[in-house]
Amino acid sequence: MLQFLDLFIETGLSRETIEAFMNADPHGDGSVKDQITADMSSELLAAMGIPVKQTAQDVKQLREKDNWQRMGERTEE
């Protein structure tokens, strides 16, 4: 992802413009950043032999529930 950001920076776009693009969620299904994260996660899982397809919506739900910080803990549900 850092290489991706470097390419944007090389275009001369401001950091604010890049961040606005990365955080854009025009359809409510997850931001561009969520889509990239989902693709990366799916590739990593596939490389480990786990046939799971992550979606931007999956990443968005995890991010919104703050589950990133609580990974490994049992949910309250």
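At 40% relative accessibility, D39 counts as partly exposed in this predicted model. The D39 side chain pairs with that of K53 in a salt bridge, with an N to O distance of 3.8 Å. K53 sits in the loop between α3 and α4, whereas D39 belongs to helix α3, so the contact ties together parts that are 14 residues apart in sequence. K53 is exposed, because its relative accessible area of 59% lies over the 50% cut-off.

The structure contains four salt bridges. Another of them joins K60 and D25, with 3.0 Å from N to O. K60 lies in helix α4, which spans residues 56-64. D25 lies in the loop between α2 and α3, and α3 covers residues 32-47. The pair therefore ties together parts that are 35 residues apart in sequence. K60 is buried, with a relative accessible area of 12%. This value falls under the 20% cut-off for burial.

The side chains of R15 and E19 meet at 3.1 Å, N to O. Both residues belong to helix α2, residues 15-23. They are four residues apart, about one turn of the helix. R15 counts as exposed, with 56% relative accessibility. E19 counts as partly exposed, at 39%.

Key. Residues numbered from 1 in each chain as written. Predicted model: local features only at pLDDT ≥ 70, side-chain atom pairs only at ≥ 80, totals over all residues. Heavy atoms only, no water. Helix = DSSP H or I, 4+ residues; strand = E, 2+ residues; numbered from the N terminus. Buried < 20%, exposed > 50% of the residue type's maximum accessible area, 1.4 Å probe, protein only.
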